[in-house]
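Please look over the sequence and the 3D structure below. The report that follows walks through them step by step.

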Amino acid sequence: MSVSKTRAMLVEVARQLFAQNGVADTTMNDIAAASQKGRRTLYTYFRNKEEIYMACVESELQIVTTTLQSVMKQNLEPEAKLEAFIRAHFNVFKDMVIRNGSLHAELFKDITEIEKLRRKMDKKEAVMLAQILKSGNEKDIFEVKDIRRTAQIMQYALKGMEVPYIRENIRNRHEQSQFIYDLLFNGLKKKNS
């Protein structure tokens, strides 16, 4: 197994244990045993449990970025792409919480460190939103005066609505994401007849 595959496998095993038992109740010995690798191998890649925990968080955030990049590759008109992007954003976070069980409660235990990791992903997401807005401007679908700032504000808005969306009943998820999309895209102004 290559270095990167071994590391990725250790991160996934740790993530599963953290999700099942919680970070506090999972030891490096537990991770080594569950991965069927020795402690020496585990310590070759990670100095301590905190480091492997942060690698788990980075891995989860990479799933978000990959999911959003897959939306960007779709051949959609800007309005449809923006809607697909917003839905994907909320659904990938919802899936992350479901997949990680008790880990999600601990994702915020060190908010400063998490925000450092999240900031990188947020910047990538804002760039993707800017690409959609620029395409919409070029096709005369959108009228955005400051694309960069608008994309950044949209990204902040999406981030701020994650927790309420995740807590929403599953039957209302589609309706909730449609409401968020309508608000972000159409705003509050009455449309001219």
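Gln36 is exposed, with a relative accessible area of 73%. The cut-off for exposed is over 50%, so Gln36 falls in that class. Gln36 sits in the loop between H2 and helix H3 (39-45). Its phi is positive, about 60 degrees, although Gln36 is not a glycine.

Asp140 is another residue to look at. Asp140 also has a positive phi, near 60 degrees, and is a residue other than glycine. Asp140 is found in the loop between helix H7 (111-138) and H8. At 68% relative accessibility, Asp140 counts as exposed.

## The chain as a whole

This is a predicted model. The protein chain has 10 helices and 0 strands. From the N terminus on, the elements therefore read α-α-α-α-α-α-α-α-α-α. Of its 193 residues, 40% count as buried. Now take the contacts in the chain with a separation of 6 or more: residues 24 or more positions apart account for 70% of them.

How confident is the predictor, going by the average pLDDT of the protein chain? The chain averages a pLDDT of 86, and 86% of the residues score at least 70. Among the elements, helix H2 (residues 28-35) has the highest mean pLDDT, 96. Helix H6 (residues 103-106) has the lowest, 58.

## H5 and its two partners

The table sets them side by side.

| Pair | Angle | Axes | Crossing |
|---|---|---|---|
| H4 (residues 49-72) and H5 (residues 78-100) | about 155 degrees | 9 Å apart | right-handed |
| H5 and H8 (residues 147-160) | roughly 35 degrees | within 10 Å | right-handed |

Start with H4 and H5. They pack at an angle of about 155 degrees, with their axes 9 Å apart. That angle makes H4 roughly antiparallel to H5, because angles over 145 degrees count as roughly antiparallel. H4 passes H5 in a right-handed crossing.

Which residues of H4 and H5 make the contact? From H4 come Glu60, Ile63, Val64, Thr67, Leu68, Val71 and Met72. From H5 come Lys81, Ala84, Phe85, Ala88, His89, Val92, Phe93, Met96, Arg99 and Asn100. By class, the contact of H4 with H5 has 11 nonpolar, 3 polar and 3 charged residues.

Turn to H5 and H8. In H5, the residues that meet H8 are Leu82, Ile86, His89 and Phe90. In H8, they are Met154, Leu158 and Lys159. By class, the contact of H5 with H8 has 5 nonpolar, 1 polar and 1 charged residues.

Thr67 lies in helix H4. Is Thr67 buried, exposed or partly exposed? Thr67 is partly exposed, because its relative accessible area is 24%. Buried would need a value under 20%.

Which residues does Thr67 touch, leaving aside its neighbours within four places in sequence? Thr67 is in contact with Ala88 and Val92. Thr67 and His89 are 22 residues apart in sequence. In space they are 8.0 Å apart, C-alpha to C-alpha.

Definitions and conventions
Residues are numbered from 1 along each chain as its sequence is written. This is a predicted model: local features need pLDDT of at least 70, side-chain atom pairs count only at pLDDT 80 or more; totals for chains, interfaces and linings use all residues. Side-chain values use heavy atoms; hydrogens and water are left out. Axes are lines fitted to C-alpha atoms, for helices over the stretch in contact, and angles run from 0 to 180 degrees between N-to-C directions. Helices (H or I, at least four residues) and strands (E, at least two) are DSSP runs, numbered from the N terminus. Angles under 35 degrees count as roughly parallel, over 145 as roughly antiparallel, 65 to 115 as roughly perpendicular and the rest as oblique. A crossing is left-handed if the near helix is turned anticlockwise from the far one by less than a right angle, and right-handed if clockwise. Contact means heavy atoms within 4.5 Å. Ala, Val, Leu, Ile, Met, Phe, Trp, Tyr, Cys and Pro count as nonpolar, Asp, Glu, Lys and Arg as charged, and the others, Gly among them, as polar. pLDDT is the predictor's confidence in each residue, from 0 to 100. Buried means under 20% relative accessible area, exposed over 50%, partly exposed in between (1.4 Å probe, protein chains only).
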